[in-house]
Every structure is written in C-alpha cells, then in structure tokens.
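Colleague: I am new to this entry and would be grateful for a guided reading. May we proceed by question and answer once it is displayed?

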Amino acid sequence: MPISSDRPDCFLLPAVDAAAIRTRPDQLHLVPPDSGTDAAAIIESHRRARAARGRRDARGCLVPIAGGLLLAAVAGAVVASLRLPVRDAAIAVALLFVLGAIITAIIASRRVPAAPVPKPMPSVLIHPRVAAGAPADLPARDLALASRVFDERERAEADLRKARADAQLTDEERYVSPGDRSTWYYGPEDLPRLERTADDAERRSRDVASRLGIVLDADPA
C-alpha cells in the first residue's frame with residue numbers, strides 16, 4: 001500500500017497553499033521527524049500565512065483607492081463650481097482620481113512599513129516515487145531520507161539533460177551578455193562530471209530503495 005495522508009504524520013495542503021510554496025496539491029507532505037508538531041498545526045500555519053498575505057494585499061489596494069476617491073471628490077466639487085462641460089469635468093475627475101491613487105500609494109509605501117507575513121511551519125516533501133513505492137509503515141526518518149536521495153537524483157538527471165543539450169550548441173549560441181544572470185549554459189567540459197554525478201545519484205537511490213524496501217517498478221533503465 002503506498003504512503004497516503006491516512007498516516008497521521010502525512011498530509012496534503014489545500015491547492016492555494018501548495019501553489020504559494022510552488023508545490024503540487026497532490027504532493028504529500030511529512031511532518032518533520034522529531035519536530036514536536038503535527039500535521040494540523042502545519043496546515044493551520046499555512047492558513048494563517050495566506051490570511052496575512054490577503055490582508056496585506058487588500059491594504060495595498062484599498063489605501064490608494066481611498067486616496068484617489070478623496071482627491072476625486074475634491075476635484076468634483078471644484079469642477080462643479082467652475083461649471084465645466086460634462087465631458088471635460090469627467091476627464092478631470094478621472095485623471096485626478098488616478099493621480100490621487102498614485103500619490104497615496106507612494107506615500108503609504110514610504111511611511112507605512114509593510115506588515116511581515118508569518119512563514120508557515122516547515123514540512124518535508126515526500127518524493128512521488130517514494131510515496132508510491134514505500135511500505136505504508138516506513139518510519140518518518142527513512143521517508144525523509146529517501147525523499148532527499150530521490151530529489152538529488154532528479155536534480156542530477158535534470159542537470160545532465162541540460163548539459164547534453166548545451167553540448168550541441170556552438171560557442172556563439174552559448175554566448176551570454178555581460179551582466180545577464182538569468183541565462184547560463186554548461187560547457188562540453190562539464191559533461192563527464194555531470195554524468196558521474198547522475199550515475200552516483202542513481203546508484204545511491206537504488207541502494208536506499210533496496211535497503212528500505214521501496215518498490216521501484218517504474219524505475220527507468
């Protein structure tokens with residue numbers, strides 16, 4: 001039987017909270033071993049963090065709108081006294097509303113410090129292959145160890161795939177503009193090292209799976 005949220009130390013997060021930490025809603029979480037907490041407390045900490053983010057975002061929207069409405073109301077009274085044409089009056093009020101919102105947002109951002117959003121309590125992400133193949137009663141420490149090992153294998157395989165693709169590029173295609181930190185490439189000289197790293201990570205994951213009784217029926221050759 002695979003690992004599931006039926007275990008008291010395993011749980012799923014609501015989709016909105018899973019998205020906030022860039023995980024999938026169907027990925028199992030594990031209460032960190034020896035953490036002294038439980039699944040309900042961790043889930044509640046994510047709910048509190050979500051509520052705090054919502055309050056912060058609401059303040060960020062409502063304060064500028066209030067400033068814009070105030071300036072627009074003053075402008076409306078002035079425009080009415082000047083007896084401008086309706087079209088010109090509407091344009092003036094709209095422009096002053098936007099201006100008031102912008103000014104209020106700038107002042108608020110400088111004078112009112114943003115309230116810190118509490119961080120949710122940490123949890124251990126259980127690797128999907130571990131969740132699918134591990135014995136249902138595998139201890140939490142072993143679940144965490146196996147998940148870490150399979151995460152390392154996954155990262156090593158991803159690096160190797162990128163390195164093999166980068167090795168097909170010419171020097172001109174691998175050129176990165178000075179100061180561009182978002183683009184990077186592996187060089188052909190990196191390929192042997194990454195192949196060794198991927199082989200070691202695969203070997204270690206198989207060893208850990210064998211020792212802990214994790215079934216890898218779908219393990220790639």
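Colleague: In which loop does Asp34 lie?

Modeller: This is a predicted model, in which local features need pLDDT of at least 70, side-chain atom pairs count only at pLDDT 80 or more, and totals for chains, interfaces and linings use all residues. Residues are numbered from 1 along each chain as its sequence is written, and side-chain values use heavy atoms, with hydrogens and water left out. Helices (H or I, at least four residues) and strands (E, at least two) are DSSP runs, numbered from the N terminus. On that numbering, Asp34 is placed in the loop between E2 and H2.

Colleague: What is the phi of Asp34?

Modeller: Most residues other than glycine have a negative phi. Asp34 is not a glycine, yet its phi is positive, at about 60°.

Colleague: Is Asp34 buried or exposed?

Modeller: Buried means under 20% relative accessible area, exposed over 50%, and partly exposed in between, with a 1.4 Å probe and protein chains only. Asp34 has 66% relative accessibility, so the residue counts as exposed.

Colleague: Where is Arg22, which has a positive phi?

Modeller: The phi of Arg22 is near 60°, a positive value in a residue other than glycine. Arg22 counts as exposed, at 81% relative accessibility. Its place is the loop between helix H1 (15-20) and E2.

Colleague: Which strands stand at the edges of the sheet?

Modeller: Strands of a sheet pair through backbone hydrogen bonds, either parallel or antiparallel. Here 3 strands form an open sheet with antiparallel pairing, in the order E1-E2-E3, where two strands pair if DSSP finds at least two bridges between them. Two of these strands each have a single partner strand, so one side of each is left without a neighbour in the sheet; they are strand E1 (10-11) and strand E3 (124-125).

Colleague: Which residue of E3 is the bridge partner of His29?

Modeller: Strand E2 (residues 29-30) is joined to E3 by 2 bridges, and the two run antiparallel. The bridge partner of His29 in E3 is Leu125.

Colleague: What distance separates the C-alpha atoms of Pro2 and Val130?

Modeller: Pro2 belongs to the segment before E1 and is partly exposed, with a relative accessible area of 44%. Pro2 and Val130 are 128 residues apart along the chain, while their C-alpha atoms are separated by 8.4 Å.

Colleague: How are the rings of Trp184 and Tyr186 arranged?

Modeller: Rings of Phe, Tyr and Trp (its six-membered ring) pair if their centres lie within 6.5 Å; planes under 30 degrees apart count as stacked, over 60 as edge-to-face and the rest as tilted. The structure holds 1 aromatic pair. The ring centres of Trp184 and Tyr186 are 5.0 Å apart and the planes stand at 90°, so the arrangement is edge-to-face.

Colleague: Which residue lies over the face of Trp184?

Modeller: Trp184 is partly exposed, at a relative accessible area of 43%, whereas Tyr186 counts as buried at 12%. A charge sits over a ring if NZ of Lys or CZ of Arg is within 6 Å of the ring centre and within 35 degrees of the ring normal. At 4.5 Å from the ring centre of Trp184, the residue over its face is Lys162.

Colleague: What distance separates the closest N and O atoms of Arg164 and Glu195?

Modeller: A salt bridge is a side-chain nitrogen of Lys or Arg within 4 Å of a carboxyl oxygen of Asp or Glu, and by this rule the count comes to 14. Arg164 and Glu195 form one of them, with the closest N and O atoms 3.9 Å apart. Arg164 lies in helix H5 and Glu195 in helix H6 (residues 191-212), so this pair ties together parts that are 31 residues apart in sequence. The distance asked for is 3.9 Å.

Colleague: Which residues do salt bridges that share partners join into one network?

Modeller: Glu44 forms a salt bridge with Arg47, at 2.7 Å between the closest N and O atoms. The two are 3 residues apart in helix H2, and are therefore separated by about one helical turn. Salt bridges that share partners make one network of Glu44, Arg47 and Arg48.

Colleague: Is Arg153 buried or exposed?

Modeller: Arg153 meets Glu157 in a salt bridge of 3.0 Å, N to O. Both lie in helix H5 (residues 140-167), 4 residues apart, about one turn of the helix. Glu157 is partly exposed at 26%, whereas Arg153, at 2% relative accessibility, counts as buried.
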